[in-house]
Amino acid sequence: MSQLHGRVGDQLRLTYTLRNASRAPKVWLEVHNPTNLPGGLPGRALSLGPRAERSWLVKTPLTRRGHFRIEPLQIRTGDPFGFFEASAAVGQGVGLVVYPRVDRLPLWRLPAASIEGSHAAPERTLQTTPLATTVRPYAPGDSFNRIHWKSTARHGEIQVKEFDLEQTSDVWLFLDLERRVQAGKGEESTVEVAIRAAASIADRALLENRAVGITTSGHRAAVLPADRGGRQHLKIMQLLAAVDGDGSTPLAETLVTGLGRLRRGMTAVVVTSSLDRSWVRPLASLRGRGVACIVVVLDARSYATWDSGRGRPIGQASAGDSGGLAHEQAAKALRHALAEYDLDVHWVVAGQHLAEALAR
């Protein structure tokens, strides 16, 4: 296998080599690789001469995120007349993790936190931050606890540390995976688009050197503490590869439970398709604590009526469509509730590119 992990849209390459170590030819062989990958892997029927070898390459696209298994190779053979058969399993099974696709968000911006260290500063500072970048000679008025003693010994004169303000504040993602608010099928469903949005936002935040944490409300609630760097990126992608829209916990309850993890200067990003206004109030309460909020709402109705094969809506809702009317009323009420608390919101409809929907 060319890789043990990849993203949706990547191509998996598998190279097979079959050798006949016997002096007798193998008149017919059936080779099959069992797997739970979508679409499976193609088998092959072939023959091998004495001491012969055959190799071939299989390319298969990774179309669905998740954890998959490729079992040992199954080989079946027998005599030319079909009276006797023999089979064997060759090699060991391997696991394959397919991460969600990450979309680039060139116009996505997170609000700066209202604390020191929330944005880049063009000049050095003597405020203590984790980013000690350089030293300079001591000047009258410098605090003695800023003295860098090793540099002082090396230069023969007192040297003090200078700091950079931290460029960014931390981000905490709330991914709503409650079953009853999901709609659509396949890649153009609220579940998959929400997971893709969370993965893309986390990727962008980590590239900006932000610490990112995430809470998912699937069948089992998962909480990944905030951290930064490549290791955190891998943890987030592994988590998002495994979750599904099978939760039973409402978003309001998830937010109330997770409020204690948010501190002043952080940014809370909520990704949901719920039109229930009950989750707006606990989210709005964060403003008084100095926590910025961004909401990404997926229009479940548009995903429920989306034709993935044709890439367009199945049809327009009729005037007597009570479900469509109720959805419009709920969506309008949610818009008013979000506007009342002046919360930053992005609406995503089926077929829309995330880079366009999440532009600021």
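1. Start with arginine 196. This residue is buried, with a relative accessible area of 7%. Buried means under 20% relative accessible area, exposed means over 50%, and partly exposed lies in between (1.4 Å probe, protein chains only). Arginine 196 is found in helix α2, residues 190-207. Helices (H or I, at least four residues) and strands (E, at least two) are DSSP runs, numbered from the N terminus.

2. A word on the source. This is a predicted model: local features need pLDDT of at least 70, side-chain atom pairs count only at pLDDT 80 or more, and totals for chains, interfaces and linings use all residues. Residues are numbered from 1 along each chain as its sequence is written, and side-chain values use heavy atoms, with hydrogens and water left out.

3. Which residues does arginine 196 touch, not counting residues up to four places away in sequence? They are Arg101, Asp103, Glu187, Glu188 and Leu354. Contact here means heavy atoms within 4.5 Å.

4. One of these neighbours is also a charge partner. Side chains of opposite charge can pair when their charged atoms come close. The side chains of arginine 196 and aspartate 103 form a salt bridge at 3.3 Å, N to O. That term means a side-chain nitrogen of Lys or Arg within 4 Å of a carboxyl oxygen of Asp or Glu. The pair links distant parts of the chain: arginine 196 sits in helix α2, and aspartate 103 sits in the loop between β9 (94-99) and β10 (131-137), 93 residues apart. Aspartate 103 is buried, at 17% relative accessible area.

5. Look next at arginine 104 and aspartate 203. Their side chains meet in a salt bridge of 2.8 Å, N to O. This pair, too, links distant parts of the chain: arginine 104 is in the loop between β9 and β10, aspartate 203 is in helix α2, and 99 residues separate them. Aspartate 203 counts as buried, at 8%.

6. Salt bridges that share partners join Glu30, Arg76 and Glu85 into one network. Within it, the side chains of arginine 76 and glutamate 85 meet at 2.9 Å, N to O. Arginine 76 is partly exposed, with 29% relative accessibility. Glutamate 85 is exposed, with 52%. How many salt bridges does the count come to? The count is 12.

7. Now the rings. A pair of aromatic rings is described by the distance of the centres and the angle of the planes. The structure holds 2 aromatic pairs. Rings of Phe, Tyr and Trp (its six-membered ring) pair if their centres lie within 6.5 Å; planes under 30 degrees apart count as stacked, over 60 as edge-to-face and the rest as tilted.

8. Tyrosine 16 and tryptophan 56 form a stacked pair, 5.5 Å centre to centre, with 15° between the planes. Tyrosine 16 lies in strand β2 (residues 11-19) and tryptophan 56 in strand β5 (residues 53-61), so the pair ties together parts that are 40 residues apart in sequence. Both residues are buried.

9. The rings of tyrosine 138 and phenylalanine 144 are also paired. Their centres are 6.2 Å apart and their planes are at 10°, so this pair is stacked. Tyrosine 138 is partly exposed, at 32% relative accessible area. Phenylalanine 144 is exposed, at 61%.

10. Last, a charge over a ring. Arginine 335 lies over the face of tryptophan 347, at 4.0 Å from the ring centre. The rule asks for NZ of Lys or CZ of Arg within 6 Å of the ring centre and within 35 degrees of the ring normal.
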